[in-house]
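Hello,

Here is the structure we talked about. My notes on what turned up in it follow below.

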Amino acid sequence: MNLIEKHVDGNIGTLTFNHDEQRNKLSEVLVQQLASALDEFRDIGVRAAILRAHPGVKVWSAGHSVEELPQGGHDPLCWRDSLRMLIRDIGGFPAPLIALIEGSVWGGACEVAFACDMVVATPEVQFSMTPAKIGVPYNATGLQTFLNTTPLHVAKEMLFTGRAVPVERLERIGVVNHIVAAEEITAFTEQMARDIALNAPLSIAVMKEQLRILAGAQALSPFDFERIQGLRRVVYNSDDYLEGISAFREKRKPKYRGR
């Protein structure tokens with residue numbers, strides 16, 4: 001099944017999530033197809049790309065597929081995380097990638113949206129960062145994506161509460177570029193892509209890579225790096241991690257004990 005639909009119009013490419021029945025979960029298969037599509041767009045010289053769901057969906061993406069999370073006690077540093085690979089592919093794609101968002105955005109899909117170069121959304125969109133609700137730690141590079149786009153206190157609120165944040169708030173602080181009515185958002189975003197495509201692609205590709213490098217240029221001692229990575233093991237080895245995953249699968253409220 002094609003979980004990603006591809007469309008090219010001149011030098012503009014559009015990628016559409018095509019797994020509505022699973023709320024466009026970021027499964028390994030979907031991520032692989034998306035990465036393959038980005039490679040294809042790179043090869044044919046697409047100058048701007050749009051990432052979207054089908055018009056009118058209630059959920060843009062439900063985030064990481066919980067069924068593919070590692071079992072308790074599994075070393076997360078050895079886990080081949082498809083979401084991490086997708087974020088790298090988005091950052092390494094030489095042309096600007098615009099997230100066109102209708103519907104709610106959950107969990108790791110928030111990071112996917114924030115990793116895109118621009119975000120255009122409809123007024124009803126909400127972003128919910130949900131790892132703490134199911135007892136899952138978040139990767140340090142994923143947290144860096146948030147810090148590169150979101151003020152620290154807003155990132156903490158999203159990560160610690162798991163509450164839905166309305167798009168108007170994120171637009172005020174510059175996380176979302178534009179809020180556009182649903183009936184106008186496709187034309188608006190396509191025009192933005194055409195405006196980009198008229199400019200020098202090599203200049204844009206170089207600036208995008210420079211910005212990526214600068215955004216990730218953080219002074220960090222080896223001790224602190226190891227400390228950050230090791231902290232995730234505390235959660236993966238915990239009873240709460242097993243409880244959160246079990247509760248999600250059993251569709252019940254988890255009972256966390258902090259151990």
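Please keep in mind that this is a predicted model.

Helix α5

I will start with the packing around α5, whose buried residues lie against α3 (108–115), β8 (126–128), α4 (140–149), β9 (164–166) and α6 (167–172). The helix itself covers residues 152–161, and the buried positions in it are Val 154, Ala 155, Met 158 and Leu 159. Viewed down the axis of α5, these buried residues fall within an arc of 125 degrees, so they line one face of the helix. His 153 and Phe 160 are exposed, on the face turned away from that buried side. After α5 comes Gly 162, with a positive phi near 70 degrees.

The sheet with β8 and β9

Two of the strands that α5 packs against, β8 and β9, belong to an open sheet of 4 strands. The strand order is β4-β6-β8-β9, and the pairing is mixed. β4 and β9 are the edge strands, each pairing on one side only. From one strand to the next the twist averages 25 degrees. β8 and β9 run antiparallel and are joined by 3 bridges. Within β9, Val 165 is the residue that stands opposite Phe 127. Helix α3 lies across β4, β6 (104–106) and β8, and runs at about 110 degrees to β6.

Strand β7 (residues 118–121) is covered on both faces. Met 118 and Val 120 are buried on one side, and Val 119 and Ala 121 are buried on the other. β7 pairs with β5 in the parallel sense over 4 bridges, and Val 120 in β7 is the bridge partner of Leu 100. β7 is also joined to strand β10 (residues 178–179) by 2 bridges, and these two strands run parallel. There, Ile 179 in β10 is the bridge partner of Ala 121.

The nonpolar cores

Which residues have the most contacts inside the largest nonpolar core? They are Phe 17, Leu 26, Leu 51, Trp 60, Ile 101, Val 112 and Phe 127, in a core of 49 residues. Helix α1 (residues 28–44) gives the most to this core, with 6 residues. A second, separate core has 14 residues, among them Ala 48, Met 192, Ala 193 and Ala 197.

Ile 101 shows how parts of the chain come together. Leaving out neighbours within four places in sequence, Ile 101 is in contact with Trp 60, Ala 113, Val 119, Val 120, Ala 121, Thr 122, Val 125, Phe 127 and Ile 185. Trp 60 and Phe 127 are on the list of residues with the most contacts in the core, and Val 119, Val 120 and Ala 121 are buried residues of β7.

Helix α8

The 15 residues of α8 (residues 201–215) should span 21 Å at 1.5 Å a residue, and the end C-alpha atoms are 21 Å apart, which agrees. Ile 204, Ala 205 and Lys 208 are the buried residues I have for α8. Seen down the axis, the buried residues of α8 fall within an arc of 100 degrees, so they line one face of the helix. That side packs against α2 (82–92), β5 (97–101) and α7 (182–197). On the face turned away from the buried side, Leu 202 and Leu 214 are exposed.

Two single residues

Is Arg 84 buried or exposed? Arg 84 has a relative accessible area of 8%, and because the cut-off for buried is under 20%, Arg 84 counts as buried. Arg 84 is in helix α2. Apart from residues up to four places away in sequence, Arg 84 touches Glu 111, Asn 139, Thr 141 and Gly 142.

Val 57 is in the loop between β3 (48–52) and β4 (59–61). Val 57 is also buried, at a relative accessible area of 14%. Val 57 and Gly 103 are 46 residues apart in sequence, while their C-alpha atoms are 5.6 Å apart in space.

Regards

Conventions: Residues numbered from 1 in each chain as written. Predicted model: local features only at pLDDT ≥ 70, side-chain atom pairs only at ≥ 80, totals over all residues. Heavy atoms only, no water. Buried < 20%, exposed > 50% of the residue type's maximum accessible area, 1.4 Å probe, protein only. Arc of directions from axis to C-beta. Contact = heavy atoms within 4.5 Å. Core = buried A, V, L, I, M, F, W, Y, C linked by side-chain atoms within 4.5 Å. Pairing = 2+ DSSP bridges. Axes fitted to C-alpha atoms, helices over the stretch in contact; angles between N-to-C directions. Expected span 1.5 Å × (residues − 1).
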